[in-house]
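This briefing sets out selected features of the structure shown below.

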Amino acid sequence: MRQGHVYRRAKVEQDILEHFEYLLGERPEAALRFLEAVEAAFTRLAGMPLIGVARPFNGPRLEDIRMWPVPDFEKFLIFYRPRPDGIEAMRVIYGMRDIPALMADWEY
């Protein structure tokens, strides 16, 4: 697997922090594992950017978005865009949310 770069949008960092804080309150033992799982997934995706499932959304600014579950936290989904040298991490969203609405309302 090649090494790739992870470009992080500010919103993805905010998403990760919000999920971490929630898990810290509900399942403290899982909070750090969540952070480690997200980082491991980013590294894997950066090395193999096309392994995620293409996720079509309405609107040209949402083209080429792919989705990958966070390992061991599969209800949390990483949304990213492949780049020639890695990935652009866009969002990490809990899968039970209204994902199309969250993506449509987000400022890119």
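Buried denotes under 20% relative accessible area, exposed over 50%, and partly exposed in between, computed with a 1.4 Å probe on protein chains only. By that scale, arginine 9 is partly exposed, with a relative accessible area of 23%. The model is predicted: local features need pLDDT of at least 70 and side-chain atom pairs count only at pLDDT 80 or more, whereas totals for chains, interfaces and linings use all residues. Residues are numbered from 1 along each chain as its sequence is written, and side-chain values use heavy atoms, with hydrogens and water left out.

**Sheet and helices**

- Helices (H or I, at least four residues) and strands (E, at least two) are DSSP runs, numbered from the N terminus.
- Two strands pair if DSSP finds at least two bridges between them.
- The order S1-S5-S4-S3-S2 describes an open sheet of 5 strands with mixed pairing.
- Strand S1 (5-8) and strand S2 (53-54) each have a single partner strand and stand at the edges, so one side of each is left without a neighbour in the sheet.
- Helix H1 (residues 10-26) packs on the sheet and touches S1, S4 and strand S5 (86-94), where contact means heavy atoms within 4.5 Å.
- The direction of H1 makes about 40° with that of S5; axes are lines fitted to C-alpha atoms, for helices over the stretch in contact, and angles run from 0 to 180 degrees between N-to-C directions.
- Helix H2 (residues 28-47) lies across S1, S3, S4 and S5, at about 30° to S4.

- Strand S3 (residues 66-70) and strand S4 (residues 73-83) run antiparallel and are joined by 5 bridges.
- Proline 69 has leucine 77 in S4 as its bridge partner.
- Aspartate 72 is located in the loop between S3 and S4, and its phi is positive, near 70°.
- Most residues other than glycine have a negative phi.
- Aspartate 72 is exposed, at 62% relative accessible area.

**Salt bridges**

- A salt bridge is a side-chain nitrogen of Lys or Arg within 4 Å of a carboxyl oxygen of Asp or Glu, and the count by this rule is 7.
- Arginine 9 pairs with glutamate 88, the closest N and O atoms being 2.5 Å apart.
- This pair links distant parts of the chain, 79 residues apart: arginine 9 is in the loop between S1 and H1, and glutamate 88 is in strand S5.
- Glutamate 88 also forms a salt bridge with arginine 81, with the closest N and O atoms 3.8 Å apart, and both residues are buried.
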